[in-house]
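Keep the sequence and the 3D view open as you read.

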Amino acid sequence: MAWALKLPLADEVIESGLVQDFDASLSGIGQELGAGAYSMSDVLALPIFKQEESSLPPENENKILPFQYVLCAATSPAVKLHDETLTYLNQGQSYEIRMLDNRKIGELPEINGKLVKSIFRVVFHDRRLQYTEHQQLEGWRWNRPGDRILDIDIPMSVGIIDPRANPTQLNTVEFLWDPSKRTSVFIQVHCISTEFTMRKHGGEKGVPFRVQIDTFKENENGEYTEHLHSASCQIKVFKPKGADRKQKTDREKMEKRTPHEKEKYQPSYETTILTECSPWPEITYVNNSPSPGFNSSHSSFSIGEGNGSPNHQPEPPPPIADVSHTSELMLVNLLPTSTPQEAQQWLHRNRFSTFSRLFRNFSGADLLKLTREDVIQICGPADGIRLFNALKGRMVRPRLTIYVCQESQQLRDLQQKHEDGDTVTSTFFVYHAIYLEELTAVELTEKLAQLFSISSQQISQIYKQGPTGIHVLISDEMIQNFQDESCFVLDTMKAETNDSYHIILK
């Protein structure tokens, strides 16, 4: 059977060639990484191991996009070929983003001559931080009261209409623009990447952010809800001038690499092209009322309360109970016994809806325990002072307060007893407070009419008793010279001509 093990010459040649080809293919594995330089991170960087998968369908890869957004800042040279570009920004510095109309002739004719709306966001690139975005941004708000994460430099921007920044969404701005006209918006990012690192001992590697732009057109109802295009890019934010130093460091590192190693990295481009992405998840685009800051002819969606991430959608406000079944005191003052739901209703009635999600678990007692400093730190100076005054039931102090008492019964009874020789005991006089804001005779007339439960037209004239008992006609100037908290005794006299009365202040 030994003859069966022998192969023909042709078969031996084929087998030898296959073995050599297989050995050659194996010998090439790992040579690119170099001896001793093998790194699992390099393997994981290959496209087949990418964790971030594009949510766009393959057929969209070669299509011409209707818009293009260009961030005027250089990309980092230390980014590998198959990775997304990375751009370094300085904290608080204005950077231009050019809004370019990239439509072909006849594409999207429905927006010709019309405005579109773009929403800018700075969000987390790291998926781990996206899941805790709301808590991260709320923590930043506590540490930086009154500051915003994203702002528009309006004086430097060109072609933007009605820019708006929602006070409850620190990382979002929006505006209208005309695609047929030159439009450039300058943005400022005020947070730095190291503010969201787990450990802060110095020298930490900052977390990357994303700048995302979503553009919408008007629907039939004039609301900007129909999505047109979305694009984003990856950024890192450093303290002032830190981005320039980081860019220089990356460039010097690349210069030290060999030509073979440089082939694995992208070149640095002078500008950053935002790449197409999925629209930011948002479920509260439509609102029955127009957004504040926009003209009624360009009403837009209302931004959801809180800084939502894909897994933290805004919650609808609680239903407001029928006022007829609610204590009138609850409409003005929040009670310590109020439940969290009643506290939410109080916030909505008193125009604090933007903070309802933030205080969704607070009862009346919890809100009333907050100090003035606490409320200002949470809500910012303007809304914080207003909310604190509302919680404490503080009313605006009137410009002038006077106290009046009717003479008719008390003083005349007292005089009659004195004339009859009876012993005069101490009499309790009741005064009524009148609060004046406009300091006019008309206002005083209306307040006295309310006191007497009559119409203001039934008061003919108001006099003030002067020296030697003369009657001086009350004027605006005289009221303006009244001393605060002055006391007067009112006497009424029937007018001669009609059913009206004269009132004398003594």
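Q: Which residue in S18 does Asp 491 stand opposite?
A: Asp 491 stands opposite Ile 504. A quick note: this is a predicted model, where local features need pLDDT of at least 70, side-chain atom pairs count only at pLDDT 80 or more, and totals for chains, interfaces and linings use all residues. Residues are numbered from 1 along each chain as its sequence is written, and side-chain values use heavy atoms, leaving out hydrogens and water.

Q: Why are strands S17 and S18 called paired?
A: Two strands pair if DSSP finds at least two bridges between them. Strand S17 (residues 486-494) and strand S18 (residues 501-505) have five bridges, in the antiparallel sense, so they count as paired.

Q: What makes S14 and S16 edge strands?
A: The open sheet runs S14-S13-S17-S18-S15-S16, with mixed pairing. Strand S14 (432-436) and strand S16 (471-473) each pair on one side only.

Q: Which strands does helix H13 touch as it packs on the sheet?
A: Helix H13 (residues 441-452) touches S13, S14, S15, S17 and S18; contact means heavy atoms within 4.5 Å.

Q: Which residues of helix H11 are buried?
A: In H11 (residues 381-391), they are Gly 384, Leu 387, Phe 388, Ala 390 and Leu 391. Buried means under 20% relative accessible area, exposed over 50%, and partly exposed in between (1.4 Å probe, protein chains only).

Key
Helix = DSSP H or I, 4+ residues; strand = E, 2+ residues; numbered from the N terminus. Axes fitted to C-alpha atoms, helices over the stretch in contact; angles between N-to-C directions.
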